[in-house]
Amino acid sequence: MAVFKHPCLPRLSHNDKYMEMGKKLEWDDKYSVGVELIDEQHKAMFTTINLLIDTINTGPEKEKIGEIIGNLVAYKKFHFETEEKYFKEFNYENAEEHIAKHREFTAKLEEIQAKCGDDIFALAFELVDFLEDWLIDHLLTIDQQYKQCFAEHGLK
Ligand SMILES: [Fe+2]
Ligand SMILES: [Fe+2]
């Protein structure tokens, strides 16, 4: 049986019945990119990841977890498209580098999905682990870089 390590998880039991995850994401103004629409999308991703954690912790149901993961993957695509639409519209200078990060993320997500196969609990667990780190890092670094450009184009 695969054993997954999670820094927020003092006790880990992966027996297809019970897993417990600790840390949930909390929105903070430091994550803001100064554009309401995009902040709302980022917040929605926080909410969905937290919902996934709650679902894992409170009597995990395969269908429900699968549904949340499906929503998360679809929403991530929608969100990247939103940012990339503005990059194009504003001729954003770091667009190429930023889009490459989005593609890397998608590839990593697919890699995790392929690795976990039908093991929906393992998938949920790995996804939360990866998403929390990636999202916070992406929000605090690369997403912050378009803040000025978007503001200069009057987006708020
Ligand atoms: Fe981004
Ligand atoms: Fe973003």
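Two residues are in contact here if their C-beta atoms, placed from the backbone, lie within 7 Å. Ile-38, Gln-41, Ala-44, Met-45, Thr-48, Leu-51, Leu-52, Thr-55 and Ile-56 of helix 1 touch Lys-64, Ile-65, Ile-68, Asn-71, Leu-72, Tyr-75, His-79, Thr-82 and Glu-83 of helix 2. Sorted by class, this contact holds 10 nonpolar, six polar and two charged residues (nonpolar covers Ala, Val, Leu, Ile, Met, Phe, Trp, Tyr, Cys and Pro; charged covers Asp, Glu, Lys and Arg; the others, Gly among them, are polar).

The model is a predicted one, where local features need pLDDT of at least 70, side-chain atom pairs count only at pLDDT 80 or more, and totals for chains, interfaces and linings use all residues. Residues are numbered from 1 along each chain as its sequence is written, while chains are lettered from A and ligands numbered from 1 in the order in which they are written.

Overall, the protein has five helices and zero strands (DSSP runs: H or I of at least four residues for helices, E of at least two for strands). As for confidence, the mean pLDDT, on a scale from 0 to 100, is 86. Over residues 1-19, though, pLDDT is below 50.

Conventions. pLDDT is the predictor's confidence in each residue, from 0 to 100.
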